[in-house]
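Let's take a friendly walk through a protein chain together. Have the structure open and follow along.

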Amino acid sequence: MTESLEALISLVAGGRVVVLSGAGLSTESGIPDYRGPSGVARRHTPMTFQAFTRDPVARRRYWARSHLGWRLIARAAPNAGHRAVARLQQAGLVDAVITQNVDGLHGAAGSAPVVELHGRLDEVTCLDCGNLTSREEVDRRLREANPDFVARVAAVNPDGDVDLPDEQVAAFRPVDCGICGTGMLKPDVVFFGETVPPQRVARCFALVEQARAVLVLGSSLTVMSGRRFVIRAAKHDIPVAIVNQGPTRGDGYATVCVDAPLGSLLSVLAERVTGGAALASPAGV
């Protein structure tokens, strides 16, 4: 572990790093991931774009569950890992962050620029007129439309969806667009079965190709949406470092892998490469 940490420090200290983050970075903020040590097993499949747009029952079920899950996501605060990444950016060592997360915690920690690959939960788009509305405003309207809606949340997922029995959502009333009046509202995030906007993907590829190194944080790289950037880096002989709890599907492309809790390790990393002395080492280092 010590050798891996030193190799990671050496890689990041050279600067021009692009970070690719996943759900594992937000677990210490109370948002569980899908596959890591703190992951929660879904009792239902993720909502697909096709089901959301074509099936009113599925759409109502999604909004009922997301309405509750959003309250938990909205209360989440950046953790030590997010703050360490922001510190690395502010020190000029990290050029940009590409995140697969939709929780907005990188920006809240002070990171910039951040490319939110899969969008943001705190914004809602109208699929008819294209208007963007804050999630707070939609949440207020949903509360007004469902004054008697009471349900117990068993578990929240990284995308803000929760596990909720169907019988508890039967009377839930979704709302339409507040601007055009009839448009279908959808959180401004990429659903399963939906594609990331091509211009956003192109920007991420450009950032990776201009980087001296890519640092993956808290992603199992199970889905191609994030793994393609690791593959692109390897194709261009750009070193890849992965910090995650557990193996990833990108380990074969990495020059260094560190298996450790992200908050403590990234805090040590930021202290070391920005000239400070680390006060403590992460467990096992």
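The sections below cover helix packing, a sheet and some backbone details.

## A predicted model

Please keep in mind that this is a predicted model.

## Two helix pairs

Two packed helices are described by the angle between their axes and the distance between the axes. Start with helix α1 (residues 2–13) and helix α9 (residues 262–273), whose axes come within 10 Å and cross at roughly 50 degrees. The two are therefore oblique to each other, and the crossing of α1 and α9 is right-handed. On the α1 side you will find Leu5, Glu6, Leu8, Ile9, Val12 and Ala13, which meet Leu265, Val268, Leu269, Arg272 and Val273 of α9. Sorted by class, this contact of α1 with α9 has nine nonpolar residues, two charged ones and no polar ones.

Next, turn to helix α3 (residues 56–75) and helix α6 (residues 135–145), which pack at an angle of about 120 degrees with their axes 11 Å apart. From α3, the contact draws on Trp63, Ser66, His67, Trp70 and Arg71, while α6 supplies Arg135, Glu136, Val138, Asp139, Leu142 and Arg143. Here the residues divide into five charged, four nonpolar and two polar.

## A three-stranded sheet

Now look for an open sheet of three strands, ordered β5-β4-β6 with antiparallel pairing. At its edges stand β5 (132–134) and β6 (185–189), each with a single partner strand, so one side of each is left without a neighbour in the sheet. From one strand to the next, the twist averages 45 degrees.

Strand β4 (residues 119–126) pairs with β6 in the antiparallel sense over four bridges. To see how the strands line up, find Thr125: its bridge partner in β6 is Lys186.

## Backbone details worth a look

Most residues other than glycine have a negative phi, and most peptide bonds are trans.

Ala112 and Pro113 are joined by a cis peptide bond, with omega about 0 degrees. Pro113 sits in the loop between α5 (105–109) and β3 (114–116). Arg16, in the loop between α1 and β1 (17–21), has a positive phi, near 55 degrees. Its relative accessibility is 44%, so Arg16 counts as partly exposed. Asp237 has a positive phi too, of about 60 degrees, although it is not a glycine. You will find Asp237 in the loop between α8 (224–235) and β8 (240–243), where Asp237 is exposed, with a relative accessible area of 68%.

Key:
Residues are numbered from 1 along each chain as its sequence is written. This is a predicted model: local features need pLDDT of at least 70, side-chain atom pairs count only at pLDDT 80 or more; totals for chains, interfaces and linings use all residues. Side-chain values use heavy atoms; hydrogens and water are left out. Axes are lines fitted to C-alpha atoms, for helices over the stretch in contact, and angles run from 0 to 180 degrees between N-to-C directions. Angles under 35 degrees count as roughly parallel, over 145 as roughly antiparallel, 65 to 115 as roughly perpendicular and the rest as oblique. A crossing is left-handed if the near helix is turned anticlockwise from the far one by less than a right angle, and right-handed if clockwise. Contact means heavy atoms within 4.5 Å. Ala, Val, Leu, Ile, Met, Phe, Trp, Tyr, Cys and Pro count as nonpolar, Asp, Glu, Lys and Arg as charged, and the others, Gly among them, as polar. Two strands pair if DSSP finds at least two bridges between them. Buried means under 20% relative accessible area, exposed over 50%, partly exposed in between (1.4 Å probe, protein chains only).
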